[in-house]
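Me: I am new to this structure and would like to go through it step by step. Could we begin with how the helices pack?

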Amino acid sequence: MTTQSPTLELLRKHGRRVTPQRAMILTAIEAHDAHVTAEQIYERVRAAHPYVNRSTVYRTLQMLCRDGLVTVTDLGAGSVQYELHRDQPHHHMVCQQCGTVAELDHTLLEPLKVVLKRRYGFKAGIEHFAIFGLCARCQGIVKKAKRTPAKRAAAAGAHRSS
């Protein structure tokens, strides 16, 4: 990451100094195409710069989140995930059965934001979050598993008599 990086320029615009540690942490986040855990960021930074400690990474991530340069999302994997802030809001559907993560179109949530404001006076910050449930594939598996042999036989009998 050069000192002319757009991300580092945003850091400056937020009145933050561009320290070597902050630059290394942002570089580690930028290097991932997807979400990354704090531990993964720490390991990547530490591989090149062994003097950086874990608390520096965590404090820097908190600061970057507060400043809106990095977003944090709980994707249900036991630790939160970070990524650089995108220009467009995006969301995730996380399957609680197989762990598949798929993106969800933000336009589907705009009506929710309006209803929350109108009905509850609540200004929702829904720029990046996860919704948990079952993907289509796992729903099929669950439905099949719930059908007992007796139910399958009854269903087969019903189809034959029609």
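Reply: Helix H2 passes helix H3 in a right-handed crossing. Please keep in mind that this is a predicted model.

Me: Which residues of H2 and H3 make the contact?

Reply: On the H2 side, Met24, Ile25, Ala28 and Ile29 make the contact. H3 contributes Ile41, Arg44 and Val45.

Me: And at what angle do H2 and H3 pack?

Reply: The angle is about 115°, and the axes of H2 and H3 are 9 Å apart.

Me: What about H1 and H2, at what angle do their axes cross?

Reply: The axes of H1 and H2 cross at roughly 135° and come within 10 Å. That angle makes H1 oblique to H2.

Me: Is the crossing of H1 past H2 right-handed or left-handed?

Reply: H1 passes H2 in a right-handed crossing.

Me: Which residues meet there, between H1 and H2?

Reply: Thr7, Leu8 and Leu11 of H1 meet Arg22, Ala23, Leu26 and Glu30 of H2.

Me: Changing topic to H4: what span should its 13 residues have?

Reply: Helix H4 covers residues 54-66, and at 1.5 Å a residue it should span 18 Å. The C-alpha atoms at its ends are 19 Å apart, which agrees with that expectation.

Me: Which residues are buried in H4?

Reply: The buried residues of H4 are Thr56, Val57, Thr60, Leu61, Met63 and Leu64. Seen down the axis of H4, they fall within an arc of 165°, so they line one face of the helix.

Me: Then which exposed residues does the face turned away from the buried side carry?

Reply: That face of H4 carries Arg59 and Arg66, both exposed.

Me: What covers the buried residues of H4?

Reply: The cover includes three helices, H1 (6-13), H2 (20-30) and H3 (38-48). It also includes the strands E1 (70-74) and E2 (80-84).

Me: One more residue, Thr71. Where does it lie?

Reply: Thr71 lies in strand E1.

Me: Is Thr71 buried or exposed, and why?

Reply: Thr71 is buried, because its relative accessible area is 15%, and buried means under 20%.

Me: Which residues does Thr71 touch?

Reply: Leaving out residues up to four places away in sequence, Thr71 touches Cys65, Gln81, Tyr82, Glu83, His85 and His128.

Definitions and conventions: Residues numbered from 1 in each chain as written. Predicted model: local features only at pLDDT ≥ 70, side-chain atom pairs only at ≥ 80, totals over all residues. Heavy atoms only, no water. Helix = DSSP H or I, 4+ residues; strand = E, 2+ residues; numbered from the N terminus. Expected span 1.5 Å × (residues − 1). Buried < 20%, exposed > 50% of the residue type's maximum accessible area, 1.4 Å probe, protein only. Arc of directions from axis to C-beta. Contact = heavy atoms within 4.5 Å. Axes fitted to C-alpha atoms, helices over the stretch in contact; angles between N-to-C directions. Parallel < 35°, antiparallel > 145°, perpendicular 65-115°, else oblique. Left-handed = near helix turned anticlockwise from the far one by under 90°.
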